[in-house]
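Reader: I would like to learn how to read a model like this one. Could we go through it together, feature by feature?

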Amino acid sequence: MEKSQIEFRNVSFRYHDDSPWVLKNVSFTIHSDEWLAIIGHNGSGKSTIAKLMNGLLFPQEGEIYVSGEKVVPETIWDVRKQVGMVFQNPDNQFVGTTVRDDVAFGMENHGLPREVMVERIQESLDAVGMQEYERQEPHRLSGGQKQRVAIASVLAVSPKYMIFDEATAMLDPKGRMEIMQTIRDLQSERSLSVVTITHDLREVTQADRVIVMNDGEVWMEGTPRDVFSKKNRLVEIGLDTPFVSKLAEEMKSAGLPLSREPLNHQELLEELW
Ligand code: ADP
């Protein structure tokens, strides 16, 4: 097995012994340097997958490996260092009274030496374009800025994988764009594997690969283009192709020229958002 990856092997999970299975025999791999998007309607099991990835939960059946190491209670500190998580509500993620304190907090938890912390604070705030806000109080920031600080806090611990669990869901369109741009920059400039969990299909267009969850099972898997081209399969589970994809198809079938061929969802998305 390639070392730098997360692998789910036949994973089944339920919250209680007498409750229904919320994940059923789920298998997939997240490769190194890849951007994987996980989509699916509410309750399809996406957040449960995120929590299993960094040892907040453990499966009753099957196994999860992070960089070749099985996720079990004995390995969770090492796993958590490698798998950073950014959640939906930026306000719930703040613990410090300044942006700087906040970024330091995660590192303190991992026992990093002071000199390393000072360096990493600068470096990670720089990476998300928030270096000028170091001494600000987090609650004065916009939603998008708060999420960028949350991302910096995770980056400071130097993870190999970053999981964004509905990280844009509470943001306005500007904040959402900021975060998508930040994720894109991080993924292309560092050797980071990124997992974005979302119910917003527009965000899927930028990923390398997409997993569609339905009722605790992997329903479809492929590139964004593969997944959007099987529109009927998406409609069957109440999902719809994004507007950009539909527009491109309409233009094509009406014989109108697209500015670029072959269709690049990401560029179209940027033009239309
Ligand atoms: P999604 O992220 O796709 O909305 P979740 O992974 O949050 O889905 O939830 C999957 C299923 O697990 C849902 O039926 C949900 O009600 C149930 N569930 C989630 N969290 C808990 C919990 N803490 N206790 C019991 N059931 C839960």
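**Reading the model**

Author: Gladly! Let us start with H139, which sits in the loop between α4 (114–127) and α5 (143–155). Helices (H or I, at least four residues) and strands (E, at least two) are DSSP runs, numbered from the N terminus. This is a predicted model, where local features need pLDDT of at least 70 and side-chain atom pairs count only at pLDDT 80 or more, while totals for chains, interfaces and linings use all residues. Residues are numbered from 1 along each chain as its sequence is written.

Reader: Is H139 buried or exposed?

Author: A residue is buried if 20 or more other C-beta atoms, placed from the backbone, lie within 10 Å of its own, exposed if 12 or fewer, and partly exposed in between. H139 is exposed because 10 other C-beta atoms lie within 10 Å. Across the 273 residues of the chain, 41% count as buried.

Reader: Which residues are around the ligand?

Author: Here a residue is near a molecule if its C-beta atom, placed from the backbone, lies within 6 Å of it. The residues around the ligand are Y15, V22, G40, N42, G43, S44, G45, K46, S47 and T48.

Reader: And how many helices and strands does the chain have?

Author: The chain has 11 helices and 10 strands.
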